[in-house]
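Take a look at the sequence and the structure, and then read on.

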Amino acid sequence: MDCDEERRVSTEAGQKLAQEMGISFEECSAALGHNILEPMVNLARSLKMQEDRLKGSLVEVAPERPPKKAGCCS
């Protein structure tokens with residue numbers, strides 16, 4: 001957002017695309033330090049929510065262990 005003269009995509013076009021894709025749209029400026037923390041926190045929350053949703057559908061695959069040999073230490 002700090003390089004308006006070099007902008008290739010308008011804010012409105014970015015917002016429209018994000019809306020069509022069902023994702024959030026936030027502009028920030030690392031150079032000016034404007035609006036940095038909130039988008040990063042929102043991204044982290046979104047990823048955590050997605051991870052939590054997917055955990056229930058995961059199948060854990062454990063490698064087969066060879067049977068223990070009978071011996072003096074078993």
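Buried residues account for 5% of the 74 residues in the protein chain, where buried means under 20% relative accessible area, exposed means over 50%, and partly exposed lies in between (1.4 Å probe, protein chains only). Keep in mind that this is a predicted model, in which local features need pLDDT of at least 70 and side-chain atom pairs count only at pLDDT 80 or more, while totals for chains, interfaces and linings use all residues. Residues are numbered from 1 along each chain as its sequence is written, and side-chain values use heavy atoms, with hydrogens and water left out.

**Overall form**

What secondary structure does the protein chain have? The protein chain has two helices and zero strands; helices (H or I, at least four residues) and strands (E, at least two) are DSSP runs, numbered from the N terminus. With a radius of gyration of 24 Å, well over the 11 Å that the globule rule gives for 74 residues, the protein chain is more spread out than a compact globule. That radius is taken over C-alpha atoms, and the globule rule is 2.2 Å times the number of residues to the power 0.38. Along the principal axes, the C-alpha atoms of the protein chain fill a box of roughly 80 × 30 × 20 Å.

The surface comes next. The protein chain has 10 positive and 13 negative charges, and their mean positions are 16 Å apart. In this count Lys and Arg are positive and Asp and Glu are negative, while His and the chain ends are not counted. The place of a charge is taken as NZ of Lys, CZ of Arg, CG of Asp or CD of Glu.

**Salt bridges**

Side chains of opposite charge can pair when their charged atoms come close. How many salt bridges does a search of the whole structure find? The search finds four, a salt bridge being a side-chain nitrogen of Lys or Arg within 4 Å of a carboxyl oxygen of Asp or Glu. The table includes some of these pairs.

| Pair | N to O distance |
|---|---|
| Lys16 and Glu20 | 3.7 Å |
| Lys48 and Glu51 | 3.6 Å |
| Lys48 and Asp52 | 3.0 Å |

Lys16 and Glu20 both belong to helix 1 (residues 11–21), where they sit four residues apart, about one turn of the helix. Lys16 is exposed at 53% relative accessibility, and Glu20 is exposed at 57%.

In helix 2, Glu51 and Lys48 are three residues apart, so about one helical turn separates them. Asp52 and Lys48 also lie in helix 2, four residues apart, about one turn of the helix. Through shared partners, salt bridges join Lys48, Glu51 and Asp52 into one network. Each member is partly exposed: Lys48 has a relative accessibility of 41%, Glu51 has 41% and Asp52 has 40%.

Arg53 is part of helix 2 (residues 37–55), and at 60% relative accessibility Arg53 is exposed. Leu43 is also in helix 2, but Leu43 is partly exposed, at 45%. Arg53 and Leu43 are ten residues apart along the chain, with 15 Å between their C-alpha atoms.

Which residues form a nonpolar patch on the surface? Ile36, Met40, Leu43 and Leu47 do, with about 360 Å² of accessible area together. Patches are made of residues with over 30% relative accessible area and no salt bridge; like charges are joined within 9 Å, and nonpolar side chains (Val, Leu, Ile, Met, Phe, Trp, Tyr) within 5 Å.

Ile36 sits in the loop between helix 1 and helix 2 and is partly exposed, with a relative accessible area of 31%. Ile36 and Cys3 are 33 residues apart in sequence, and their C-alpha atoms are 16 Å apart in space.

Asn35 lies in the loop between helix 1 and helix 2 as well. Most residues other than glycine have a negative phi. Asn35, although not a glycine, has a positive phi of about 55 degrees. At 27% relative accessibility, Asn35 is partly exposed.

Note on methods: Accessible areas come from the Shrake-Rupley method with a 1.4 Å probe; for residues, only the protein chains shown count as cover.
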